[in-house]
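Dear colleague,

I am handing over the structure we spoke of, and below it I have set out what was found when I went through it. Please read the notes with the coordinates open beside you.

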2 protein chains.
Amino acid sequence: MTLRLYDLAAADPDRRFSPYCWRTRLALAHKALPVETIPWRFTEKAEIAASGQGFVPVLVDGDRWLSDSWKIANYLEDTFPDRPSLFGGAAGRSLTRYYSTFADGLVAAIFPFVALDILERVADKDRDYFRASREKRVGMTLETFVAGREAKLPAFRVGLTALRRTLTAQPFLAGDEPLYADYAVFGPFQWARCISPFELLEKDDPVRLWRDRLLDRFGGLARKSPAYDV
Amino acid sequence: MTLRLYDLAAADPDRRFSPYCWRTRLALAHKALPVETIPWRFTEKAEIAASGQGFVPVLVDGDRWLSDSWKIANYLEDTFPDRPSLFGGAAGRSLTRYYSTFADGLVAAIFPFVALDILERVADKDRDYFRASREKRVGMTLETFVAGREAKLPAFRVGLTALRRTLTAQPFLAGDEPLYADYAVFGPFQWARCISPFELLEKDDPVRLWRDRLLDRFGGLARKSPAYDV
């Protein structure tokens, strides 16, 4: 039975932009598992109620409904052990958890740059929900939140120093070939370029070159998706 | 032949405080390799000249002189493959590099809290060198650099969020048992408590509890070293 993935979409149903769903999509591709992706909007909570919560990714495998990108990655690893490993062994799996958690922090670090661009691109029916929920989270209007974002860019880029140094020393976080640690950290950067024309990374930044190597993987899966050339 | 490690010491030769040397000491303990540690001061460059550079850790294995904690860890893994692995496999080794690089950044993040405490505890002959080299690096006097350090503490602790969340979910970065990724990140925290009475981590911080679990490893190797109870 084909797996189904509820995948966050903008007004344009082909513009998929969840940082967490992208992790799952690359994990599925890594395991060469076909998947039917279903465009899903923030307010379509009822459609994923069977997962017991209201956020994507939600993966449906037969009668199993799974949520949380980290749990989904572990499910895929355990359920399809004969396919290419996402973690590179038991130690690798534990070592990957920090990457996933660190990448969650990257989503928060990138949000001040793209928040208003998201608002402009979400489906009409999602707009009020997105504004209200995010303004509650950040404690101000999204317009105020993103004001002067250019000035915040140098500090954001400095914050990527360890990532940059690592990716200067080796092509992927997992070494010569990418594993889930790469996909987890890639998610936030793919989110940004799918939903915002703001140039987060300089063209020659080793972090951007690594991101671009991942765009090319799996037949260009992540590159083919509607996005901005930044 | 017993391995020898040049190990940064304060005025008190038993107070060993290099974040990078601590990584190596735990890596050697992990591989159950006996080592003779040699107290070394910042200005004793001549003693380690055979390593081709002027910083510790320097590990001497017969006629081989090795420097750079990451290179030393890889040397130990490759030279003693039958002893417990530091990385947990090939993917684990690559995945560990980021931890090492991230931990280098932690040293820089912790330095504003402990810089003056180091100055007060280094050997007399190191004092001028330490002040001059560090003041050049930070662009101000060490007194100015550490002024108001309490005010910087909340942001430092927030910066450990991903580490904290990971160590709430599992006992060590590498899972149920520590590997080199743990030792690499432990180094900066051990450095701080060995040289400074400043309380960097709250008592119930999961990061501190993890640090304390590592203090207990290898017969309390890191706990027995002169340090402050913070």
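This is a predicted model: local features need pLDDT of at least 70, side-chain atom pairs count only at pLDDT 80 or more; totals for chains, interfaces and linings use all residues.

B:Ala32 sits in the loop between α1 (19-30) and β2 of chain B, and it has a positive phi of about 55° although it is not a glycine. A second residue of this kind is B:Asp68, which is not a glycine either and has a positive phi of about 80°; it is placed in the loop between β4 (64-67) and α2 (69-79) of chain B, where it is partly exposed, with a relative accessible area of 37%. Most residues other than glycine have a negative phi, and most peptide bonds are trans.

The backbone also contains cis peptide bonds. In chain B one joins B:Val56 and B:Pro57, with omega about 5°, and B:Pro57 belongs to the loop between β2 (35-40) and β3 (58-61) of that chain. In chain A the bond from A:Val56 to A:Pro57 is cis, with omega near 10°, and A:Pro57 lies in the loop between β2 (35-40) and β3 (58-61) of chain A.

Turning to the relation between the chains, a rotation of 180° with 0.0 Å of shift along its axis superposes chain B on chain A, with an RMSD of 0.0 Å, which is the relation of a two-fold axis. The C-alpha of chain B nearest that axis belongs to B:Gly92, at 2.5 Å from it. Both copies use the same surface, in that 100% of the contact residues of chain B recur in chain A.

As for the interface itself, 23 residues of chain B are in contact with 23 residues of chain A. The area buried between the two chains is about 2000 Å², of which carbon and sulfur atoms give 66%; B:Leu95, B:Arg97 and B:Tyr98 supply 34% of the area that chain B buries against chain A, more than any other three residues. Between the chains there are zero salt bridges, while eight residue pairs are in polar contact, both residues being at pLDDT 80 or more. On the side of chain B that touches chain A, α3 (90-121) and α7 (161-169) each supply at least two residues, and α3(B) gives the most, with ten. By class, that side has 13 nonpolar, eight polar and two charged residues.

With best regards

Conventions
Residues are numbered from 1 along each chain as its sequence is written. Chains are lettered from A and ligands numbered from 1 in the order in which they are written. Side-chain values use heavy atoms; hydrogens and water are left out. Contact means heavy atoms within 4.5 Å. Buried area is the accessible area (1.4 Å probe) that two parts lose on being put together, summed over both. A salt bridge is a side-chain nitrogen of Lys or Arg within 4 Å of a carboxyl oxygen of Asp or Glu. A polar contact is a pair of N or O atoms within 3.5 Å; within protein, one must be able to donate a hydrogen and the other to accept it, and residues adjacent in sequence count only if both atoms are side-chain atoms. Helices (H or I, at least four residues) and strands (E, at least two) are DSSP runs, numbered from the N terminus. Ala, Val, Leu, Ile, Met, Phe, Trp, Tyr, Cys and Pro count as nonpolar, Asp, Glu, Lys and Arg as charged, and the others, Gly among them, as polar. Copies are superposed by least squares on the C-alpha atoms of residues with pLDDT of at least 70 in both. Buried means under 20% relative accessible area, exposed over 50%, partly exposed in between (1.4 Å probe, protein chains only).
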